[in-house]
Amino acid sequence: MTDEHGPGRATAGFHEVYGTDPEGVWAAPGRVNLIGEHTDYNDGFVMPLALPHTCLAAATPRTDGVLRLHSGDAPGGIVELRVEELAPVAGGAGGGDRGGWAAYPAGVVWTLREEGLLTGAAGGADLHFESTVPTGAGLSSSAALEVVTATALNDLYGLGITPRRIAQLCQRAENVFVGVPCGIMDQMASACCTEGHALFLDARDLTQRQVPFDLAAEGLRLLVVDTRVKHELGDGAYANRRAACEAAAEALGVPALRDVPFDGLEATLAQLERLGYDATTRRRVRHVVTEDRRVEEVIELLDAGDTRSIGPVLTAGHASCRDDFEISCAELDLVVESANAAGALGARMTGGGFGGSAIVLVAEADAEAVGKAVTEAFGAAGYGAPRIFPAVPSAGARRR
């Protein structure tokens, strides 16, 4: 399900909870990443596209410094907070005190105040959220929640913040307030993507280019396969991999692994071995360096109008995620294997890994058969049926 119900559902939900109509409704999308996994926090390249699935926020400002948050998708009633009392808890795990999901919008308000954008009683608001972004699917439901909150407050208070700045503020909220060491890609995708395009983003300087990605015009389709599984290993393992990358960059004397040249990769890996770094760390480095190169390959192919040829690059990216970065799982591997065996042009896991979703590039005529083959493979393996839907490049955050 997408946000086809439009703002009406969010408006009705707001009225039911707060007894009045909201001043407006805003939307921010989830995303899939076409290529470039775990490269953003290494100052590298990524290429996400926004989904039609969105988080909607119906909102009205308050002048008493009270922040009231309510979700139509989460159990529990209104979460009421005082804006001036918002602060990360010890260790940066801001969500620990605040009922999980509410930490994300609360963290955005805290960040806006920390940056001096909201002062005095400003920042108080009544917000009601409705989301069609699947949670736990690696499609950035949390970034959509953050970005829609910042976008709504930006308009309500006339802050004049650009989409790029909104993404940076939301990343800070997640890093510092919620305590998740994510990169910038998810927030940039939700804030900055445009309809019909993939976003080519340099995570170091945040320069971006909207790359036309009209699959239907070429008789192609990009399927999202939500495995509906999330392995607990993923929580600490994300931070572990980020720490390994940062340690390797420091040992190599470069600002980030993005600065390791692809042509000099083997020499770099040999240098790490001489420095005493184990094979696991060297594989982590190899993934990041080769993944940055794969993003460049995809850009070159898209610019040349040869979209079909990105398929093998996607599959190679999955092999690297599986073998070098070790963030795949049996369910994701099965999607890739069964889809490619059934005639897909290419497939890979997308997102942080350890569950969540994969993407599959197919000829439109083969989409149904490939989807059926993946579903049957899941059944034969004893897994629950995956959720399969097309990824349609959609617009970033906006007022509805």
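Leu206 is buried, with a relative accessible area of 7% (buried means under 20%, exposed over 50%, partly exposed in between, with a 1.4 Å probe and protein chains only). We work on a predicted model, where local features need pLDDT of at least 70, side-chain atom pairs count only at pLDDT 80 or more, and totals for chains, interfaces and linings use all residues. Residues are numbered from 1 along each chain as its sequence is written, and side-chain values use heavy atoms, leaving out hydrogens and water.

**Exercise 1.** Find the place of Leu206 and give its phi.

*Solution.* 
- Step 1: Leu206 sits in the loop between strand E6 (197-202) and strand E7 (208-212); helices (H or I, at least four residues) and strands (E, at least two) are DSSP runs, numbered from the N terminus.
- Step 2: Its phi is near 65°, a positive value in a residue other than glycine.
- Step 3: Most residues other than glycine have a negative phi.

**Exercise 2.** Do likewise for Ser140.

*Solution.* 
- Step 1: Look in the loop between strand E5 (125-131) and helix H3 (141-156) for Ser140.
- Step 2: Phi of Ser140 is positive, near 65°.
- Step 3: Ser140 is buried, at 8% relative accessible area.

**Exercise 3.** Which strands stand at the edges of the open sheet?

*Solution.* 
- Step 1: Four strands form the sheet, in the order E9-E10-E8-E11, with antiparallel pairing (two strands pair if DSSP finds at least two bridges between them).
- Step 2: E9 (346-350) and E11 (387-390) stand at the edges; each has a single partner strand, so one side of each lacks a neighbour in the sheet.
- Step 3: Strand E8 (220-230) pairs with E11 over four bridges, and Val225 stands opposite Ile388 in E11.
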